[in-house]
Amino acid sequence: MDTRTKNYLQQFGVSEATQHFLSRPRKLFIGGAWQDASDGASADVIEPSSEGVLGRIPMGTADDLDHAVQAARAQFDGGPWRQLKPLERERLLHRLADLIEANADELAEIESIDMGKSVTQARAVDIQGTIDTFRYFAGWASKIHGRTVEPSLPGNYLAYTRKEPVGVVGVIVPWNFPLQTMAWKLGAALAVGCTVVVKPAELTSLSALRFAELVQEAGIPGGVVNIVTGRGSVVGAAMASHPGIDKLSFTGSTPVGCSVGKAAMDQMKRLTLELGGKSPVIVLADADLKAAAQAVANGVFFNSGQVCDAGTRAYVHRSVYAEFLRELADYTATLKIAPGLDPDCFISPMVSREQQQRVLAYIEAGKAEGAELFYGGEPVEGPGFFVQPTIFANCRNDMRIVQEEIFGPVLVTAPFDDEEEVLALANDSPFGLAAALYSNDLGRVHSLIPRLRAGSVYVNAHSTIDPSMPFGGYKQSGYGKDLGAEQLEYLLETKAVWITLP
Ligand code: NAD
């Protein structure tokens, strides 16, 4: 760790548990054992608030991925995991949730210094969401069942279906909610009896490695959960085309999702893709403007806009557009821009210099395309990869800043005159992850909900996410669902059994 980062951790009094974690060497977790990358390669982890080096993580190889798949395969095909009674799996998942809860503050600090995010938000959202997800799916372990059927075929048969775990699940996750997105995939997979190989994002692998220690401590057998850190183009690509993986569950950008999806389909792997978004927000004239402005700002600037279902396009009724923009600016000015470990931080740095530059380039593109810069858009003094929360006004739908996913704290807005017009604007996007409506007119709200092409619709709120509700996109935002009872279907095969009776 370099001095800048050491000073930063000291300034905010990072816990002894986190310091101890950082002092341990990082290794891959394969078959219940810790090992270096097969070629010994590793890479620096950059802390986004101080811009210093936090430590190193192993850069796994295709060979490492193969060993992890073999370990997961052996455990699934003949290991004790498959023999466990459902209530025993349920008990282990609750034990894991208890351990995550007991170490929640440490995990929140790790997530904050690895990704840059607000430690307060990490504790309340990422870590709490992880605990809730394991608890919710633990309960499903003992509630998976098929059905008996009465066939009309001549003859006498006992006909029934069995639900069986799909097998070894390959999990690839992004850097914006590292632990939580992994939990979304592992909770359901482990509950139904699958084994998993995880490839965290190369920018944010630390919480997955701490999680692996807790998996061990919970007494989950070796090989059930395997973690191979490394590059997407190496470990991720090897996972997508590995014949030992039965199902690929990917969260990340649409272009990469498309490429891993094609590789997976070459082997008929089962597939879930949770991809990008450019979610519209519609503010009707009757909305409570102050409350709506606050919710819209939170819905786009949370995690500094690095959120897949962030409400990044706001269409506001022309009669209240000017007032709404004023409320939005007043509220946005109260959001504290600060290092992630500052307990009052709301706007944290971007995950990396590259992401910061990408977002700043979009802001320049917006200005060049003629969008009116209404708020922010100025550089923020470092250290830290910060971008000011930024609001554009009077945007046109054909602008790049309206069509493309920026993945930073940038909101584009435009006025509208009638509902047909705003529906066309909202649906004019290749993405379809989420949408939000602000209004208290129930009739209008209910008539708009079915016409929005989005996997989630939030009314007078944004990103209300719970493990009991499915999450996943329409159009180019995804394929399949995570969370809710719906997710289980993507992790189970259905076997039809016919028994001829005398
Ligand atoms: P990304 O697509 O660049 O990377 C995601 C993961 O894929 C990483 O682990 C990366 O290493 C891996 N990867 C990269 N190239 C690969 C390849 N050729 N083969 C296999 N794996 C490869 O995305 P990102 O920049 O990490 O995350 C941001 C994106 O994730 C945004 O588009 C965001 O909308 C999306 N996202 C979607 C959801 C959702 O639930 N729909 C949730 C969070 C993030």
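Analyst: What follows goes from the sheet to its helices, then to loops, cysteines and a pocket.

This is a predicted model. Start with the strands. The sheet is open and has seven of them, in the order S14-S15-S16-S13-S12-S18-S19. Pairing is mixed. S14 (372–375) and S19 (456–459) form the edges. Each has a single partner strand, so one side of each lacks a neighbour in the sheet. On average, neighbouring strands are turned by 25 degrees against each other, direction ignored.

S18 (434–438) pairs with S19 in the parallel sense, over four bridges. Within this pair, Ala-435 stands opposite Val-457 of S19.

Two helices pack on the sheet. Helix H14 (353–368) touches S14, S15 (390–393) and S16 (410–416). The direction of H14 makes about 20 degrees with that of S15. Helix H16 (419–427) touches S12 (279–283), S13 (311–317) and S16. The direction of H16 makes about 170 degrees with that of S13.

Now the loops. Most residues other than glycine have a negative phi, and most peptide bonds are trans. The peptide bond from Gly-382 to Pro-383 is cis, with omega near 0 degrees. Pro-383 sits in the loop between S14 and S15. Ser-304 has a positive phi, near 55 degrees. Its loop runs between helix H12 (289–301) and S13. Ser-304 is buried, at 0% relative accessible area. Ser-463 also has a positive phi, near 55 degrees. Ser-463 lies in the loop between S19 and strand S20 (474–475). At 27% relative accessibility, Ser-463 is partly exposed.

Next, the cysteines. The structure holds zero disulfides. For Cys-308, the closest cysteine sulfur is that of Cys-258, 18 Å away, which is too far for a bond. Cys-345 is in no disulfide either; its nearest cysteine sulfur, in Cys-308, is 19 Å away. Cys-345 is buried, with a relative accessible area of 4%.

Helix H5 (86–102) and strand S6 (157–165) each supply at least two lining residues. S6 gives the largest share, four residues.

How values were computed. Residues numbered from 1 in each chain as written. Predicted model: local features only at pLDDT ≥ 70, side-chain atom pairs only at ≥ 80, totals over all residues. Heavy atoms only, no water. Pairing = 2+ DSSP bridges. Axes fitted to C-alpha atoms, helices over the stretch in contact; angles between N-to-C directions. Contact = heavy atoms within 4.5 Å. Disulfide = S-S within 2.5 Å. Buried < 20%, exposed > 50% of the residue type's maximum accessible area, 1.4 Å probe, protein only.
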